[in-house]
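Hi,

Here is the structure I promised to pass on. Have a look at it first, and then read my notes below.

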Amino acid sequence: MTENPIAEIVAAREEARRRKDAHADVCFLVTVGEHQRPEARPVSLRDVDERGFGLLLNALSPKWRQIEKSGQCSLTILWSSVERQYRVYGELRPMDPDRLRFWWDRKVLGSRLLEHYYDAYRPQSEPVASREVFLEGIAELGRRWPNAAAVPPPESLRGVCLWPTEIDVWHGSPSDRLHDRRLFRRISGGWTAETLVP
Ligand SMILES: Cc1cc2nc3c(=O)[nH]c(=O)nc-3n(C[C@H](O)[C@H](O)[C@H](O)COP(=O)(O)O)c2cc1C
């Protein structure tokens, strides 16, 4: 195991991509909801580097409200193709606007229209009368912006990076189940590492 957990995660992700791991670009975002209810959902994992773990979230969504209210969230990453699990804790910081633009530019038309639907019709995760009603709204937005390049990012889109202060690294050992675990804690200029009972 390396002494820099971020470098290790970047390398493991490259290997997971090489092995066509369906979750190489996915992580689970965990928040605290009403009445302290834990809530987890998959989200796309964007850049991973020294600035943190990049995510695109919508500010009108329940998860965003939960993060704002509790001031807390964490990420869990599972790449089974390389026997790796990471649990990441830290603080959310804004994503560099250039990177937000980079990721927006890679979104397909439907995904861009959906981001505008939240603003124009109903926020993410709110009930809607029917799927047909939802699709009518998307079609209406599509008439306004018939191609992806013309659709601007909506004001409610947020690019954020979870800047890690603690990373729990798990290397699976499938043959004997005696997995290797380290807890990394950020200190000025580097990381400390402790071995954990797996
Ligand atoms: C593979 C995958 C990737 C996803 N990526 C994102 C994402 O990048 N951002 C996002 O807000 N939701 C993403 N979602 C949808 C979320 O899992 C979730 O359903 C949605 O954001 C609503 O969450 P909320 O009600 O807790 O706010 C993704 C779902 C899947 C299955």
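Let me start with a question: of the 14 residues of α5, how many are buried? Before the answer, two words on what you are looking at. This is a predicted model, where local features need pLDDT of at least 70 and side-chain atom pairs count only at pLDDT 80 or more, while totals for chains, interfaces and linings use all residues. Residues are numbered from 1 along each chain as its sequence is written.

Now the answer: the number buried in α5 is one, so this helix lies largely in the open. "Buried" means that 20 or more other C-beta atoms lie within 10 Å of a residue's own; 12 or fewer makes it exposed, anything in between partly exposed, and the C-beta atoms are placed from the backbone. Helices (H or I, at least four residues) and strands (E, at least two) are DSSP runs, numbered from the N terminus. Helix α5 covers residues 131-144, and at 1.5 Å a residue its 14 residues should span 20 Å, which agrees with its end C-alpha atoms being 20 Å apart. (The expected span is 1.5 Å times one less than the number of residues.)

The overall picture

The protein has five helices and nine strands, in the order α-β-β-β-β-α-β-β-α-α-α-β-β-β along the sequence. Its C-alpha atoms fill a box of roughly 55 × 40 × 35 Å along the principal axes. Of the 198 residues, 24% count as buried. Take the contacts (C-beta atoms, placed from the backbone, within 7 Å) between residues at least 6 apart in sequence: 64% of them join residues at least 24 apart.

The core

A nonpolar core here is a set of buried Ala, Val, Leu, Ile, Met, Phe, Trp, Tyr and Cys residues joined through C-beta atoms within 7 Å. The largest one has 26 residues, and Cys27, Phe53, Leu75, Ile77, Tyr86 and Val88 touch the most other members. Elements giving two or more residues to this core are α1 (5-18), β1 (26-32), β4 (52-58), β5 (74-79), β6 (84-94) and β7 (157-171). Strand β7 gives the largest share, six residues. If you click on Val88, look for its contacts with Phe53, Ser74, Leu75, Leu162, Pro164 and Ile167, leaving aside neighbours within four places in sequence.

A few loop residues

Lys20, in the loop between α1 and β1, has a positive phi of about 60 degrees although it is not a glycine. Lys20 is exposed, with 8 other C-beta atoms within 10 Å. Glu83 also has a positive phi, about 55 degrees, without being a glycine; this residue sits in the loop between β5 and β6 and is partly exposed, with 16 other C-beta atoms within 10 Å.

Val151 is in the loop between α5 and β7 and counts as buried, with 20 C-beta neighbours inside 10 Å. Not counting residues up to four places away in sequence, Val151 touches Arg112, Leu113, His116 and Trp145.

Over to you!

Methods: Two residues are in contact if their C-beta atoms, placed from the backbone, lie within 7 Å.
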